[in-house]
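Start with the surroundings of the ligand, then cover the chain as a whole.

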Amino acid sequence: MLPQTRLGKTDIQISRLGLGTVKLGRNQSVKYPQAFDLPDDATARELLDCARDLGINLLDTAPAYGQSEERLGYLLRGERKNWVICTKAGEEFNHDYDGEGASNFDFAPDSLRLSVERSLRRLRTDYLDIVLIHSDGNDSHLIHHHQVLHTLAKLKQEGWIRAFGMSVKTLEGGLVCAREADVVMATFDSEKDDDRLLMETWNTHTTGVLLKKIFNSGHLLKPEARNKWINAIIEQQMKVIFAQNAVNSAIIGTLNCQHLRDNVQCALLGLAENSKLA
Ligand SMILES: NC(=O)c1ccc[n+]([C@@H]2O[C@H](COP(=O)([O-])OP(=O)(O)OC[C@H]3O[C@@H](n4cnc5c(N)ncnc54)[C@H](OP(=O)(O)O)[C@@H]3O)[C@@H](O)[C@H]2O)c1
């Protein structure tokens with residue numbers, strides 16, 4: 001079973017891996033190496049059962065992930081309290097009939113509030129555990145001009161959300177979130193100075209840290225590689241990310257239960273290696 005940890009300074013306990021749910025709701029204009037069909041309800045249900053049985057309690061969704069929120073709301077009926085749900089605000093995705101689809105961004109305070117209200121309805125819940133600003137890349141501008149963190153802080157004060165933050169794309173955004181947010185979601189590349197600096201800062205501030213795209217949306221795991229090499233790559237990646245004390249959880253997108261099992265197995269090895277080093 002995957003262990004849990006406290007998310008930063010919040011009172012939220014999350015599993016060390018989370019399940020990303022882009023693939024439950026959107027298959028247009030995505031960055032995965034292979035095209036895929038959205039799973040039917042029975043397959044999605046099996047995936048959630050598999051995640052739960054492996055000890056995963058963290059689900060990551062967003063309005064920008066097409067039908068993901070709505071489908072989770074339906075699938076999680078009666079079991080809401082067993083899950084920690086992270087969703088986002090600021091980006092929308094509209095499917096279209098030529099298979100492309102496009103994102104729109106709106107970070108005005110009223111729009112963020114309406115987005116959170118809609119997420120509550122779609123997810124059939126009266127609270128959201130984590131809400132992140134779905135950055136368009138201009139993290140500093142969103143924080144300083146649109147006051148996006150302030151808007152989410154008010155929604156937290158009102159009791160609609162338990163923790164807030166931003167899915168960041170820049171060093172500046174990550175540094176501000178360390179001071180002003182509960183949680184940050186980011187990619188991590190151990191070769192990059194900026195990423196190492198952010199990890200140190202988040203560790204010092206005890207910011208909640210969620211990693212996204214740890215397999216570079218699947219491109220790190222070349223489809224043509226043989227299975228044993230794929231697991232070696234995954235294990236190495238888990239060792240690298242869990243060597244970072246700041247990291248609370250890594251969100252991995254998959255539709256495949258065996259892949260979930262492999263990821264959990266490799267995460268356990270990465271966590272064990274890290275505890276040996278500590
Ligand atoms: N906030 C943001 O701006 C943002 C941006 C991107 C992503 N995210 C979040 O982060 C999550 C993860 O990102 P991601 O889904 O883009 O990429 P990812 O987790 O790096 O990679 C997912 C891809 O890897 C494959 N995969 C996973 N485990 C595997 C295994 N054991 N063996 C072989 N293939 C495996 C999956 O295919 P299979 O389905 O075949 O397993 C999927 O195509 C997303 O789902 C989303 O929740 C957030």
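Helix 1 (22-25), helix 9 (227-242), strand 12 (249-253) and helix 10 (257-277) each contribute at least two residues to the shell around the ligand; helices (H or I, at least four residues) and strands (E, at least two) are DSSP runs numbered from the N terminus. This is a predicted model, in which local features need pLDDT of at least 70, side-chain atom pairs count only at pLDDT 80 or more, and totals for chains, interfaces and linings use all residues. Residues are numbered from 1 along each chain as its sequence is written, and side-chain values use heavy atoms, with hydrogens and water left out.

**Ligand shell**
- The ligand is surrounded by 29 residues (a heavy atom within 4 Å), and the closest are Tyr32, Asp60, Ser167, Thr254 and His259.
- Strand 12 gives the most to this shell, three residues.

**Backbone atoms and ligand oxygen**
- A backbone N or O atom of Phe215 lies 2.8 Å from an oxygen atom of the ligand.
- For Gly218 the corresponding distance is 3.3 Å, and for Ile214 it is 3.4 Å.
- Taken alone the ligand exposes 890 Å², of which the protein buries 89% (Shrake-Rupley method, 1.4 Å probe).

**Whole chain**
- The protein chain has 10 helices and 12 strands.
- Its radius of gyration (over C-alpha atoms) is 18 Å, close to the 19 Å that the globule rule (2.2 Å times the number of residues to the power 0.38) gives for 278 residues, so the chain is as compact as a globular protein of that length.
- The C-alpha atoms fill a box of roughly 50 × 45 × 35 Å along the principal axes.

How values were computed: Polar contact = N/O pair within 3.5 Å; in protein donor to acceptor, adjacent residues only side chain to side chain.
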